[in-house]
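Let's read a structure together, one feature at a time. Have the sequence and the 3D view open as we go.

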Amino acid sequence: MNNSKENIKKTFPVFLTNDVLMLLEKIDLKSEFQIYESFAVTLNNELVEIPYRVYFEEPNEKNLTKTEFLILNCLFTRHSDGFIRQKSLERILPFDEYWITPFVIKLLGEYVIEILFTIENNLNDKILDNFIHFSKENPEFLETTKRRIVSYWNCYYRTQFPNIENYVGFKILKKIVKSGL
């Protein structure tokens with residue numbers, strides 16, 4: 001995967017193609033690094049390919065529509081800088097569009113605990129319903145996320161949370177599984 005418009009379009013469902021293209025006309029996603037890796041998920045029976053990491057400079061967000069704003073911030077939840085990932089997450093969490101869900105769930109399997117607390121503190125019934133629906137569409141992805149949660153807990157947070165049941169990532173995962181799978 002590289003930084004082409006075609007590959008960024010594949011990051012989002014087809015119904016957002018015009019919004020993605022309009023966004024890319026308004027902003028210049030500059031980066032000295034190419035996007036090489038992505039992960040595929042299903043959204044309402046449609047395959048999308050989301051970059052594992054992006055390295056774009058933060059653009060000016062003025063004059064964006066709500067959808068363009070959400071697209072940009074979903075993309076930046078994949079940024080190499082954890083502070084940018086968290087800021088972008090905080091910007092999209094007030095919205096409950098289903099297509100945002102994989103960008104949020106992917107963050108559950110990462111090591112930045114502040115991001116996990118942000119998700120937990122903003123988890124509401126609609127977001128949880130989206131998580132459950134997404135997990136049913138992508139059971140392998142949920143299993144991989146679970147393994148990553150356990151791995152990061154073991155590596156970085158086992159001392160702080162000796163019982164994994166008290167680790168924020170696992171608590172969120174347990175709500176998803178308990179509620180819908």
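**Reading the core, a helix pair and a surface lysine**

Q: Which residues is Leu-29 in contact with, leaving aside its neighbours within four places in sequence?
A: Keep in mind that this is a predicted model. Leu-29 touches Ile-8, Leu-24, Phe-56, Pro-59, Leu-72, Leu-75 and Phe-76.

Q: How many residues does the largest nonpolar core have, and which have the most contacts inside it?
A: A core is a set of buried residues joined through their side chains. Here the largest one has 59 residues, and Leu-29 is among those with the most contacts inside it, together with Phe-12, Trp-99, Ile-119, Phe-131 and Tyr-167. Helix H3, residues 66-76, supplies the largest share of this core, six residues.

Q: At what angle do H2 and H3 pack?
A: The general idea is that angles of 65 to 115 degrees count as roughly perpendicular. Helix H2, residues 17-26, packs on H3 at about 80°, with the axes 9 Å apart, so the two helices are roughly perpendicular to each other.

Q: Which residues meet where H2 and H3 pack?
A: From H2 come Asp-19, Val-20, Met-22, Leu-23 and Lys-26; they meet Thr-67, Glu-68, Ile-71 and Leu-72 of H3. By type, the residues of this contact are five nonpolar, one polar and three charged.

Q: Is Lys-136 buried or exposed?
A: Exposed means over 50% relative accessible area. Lys-136 has 52% relative accessibility, so this lysine counts as exposed. You will find Lys-136 in helix H7, residues 125-137.

Definitions and conventions. Residues numbered from 1 in each chain as written. Predicted model: local features only at pLDDT ≥ 70, side-chain atom pairs only at ≥ 80, totals over all residues. Heavy atoms only, no water. Core = buried A, V, L, I, M, F, W, Y, C linked by side-chain atoms within 4.5 Å. Buried < 20%, exposed > 50% of the residue type's maximum accessible area, 1.4 Å probe, protein only. Helix = DSSP H or I, 4+ residues; strand = E, 2+ residues; numbered from the N terminus. Contact = heavy atoms within 4.5 Å. Axes fitted to C-alpha atoms, helices over the stretch in contact; angles between N-to-C directions. Parallel < 35°, antiparallel > 145°, perpendicular 65-115°, else oblique. Nonpolar A, V, L, I, M, F, W, Y, C, P; charged D, E, K, R; others polar.
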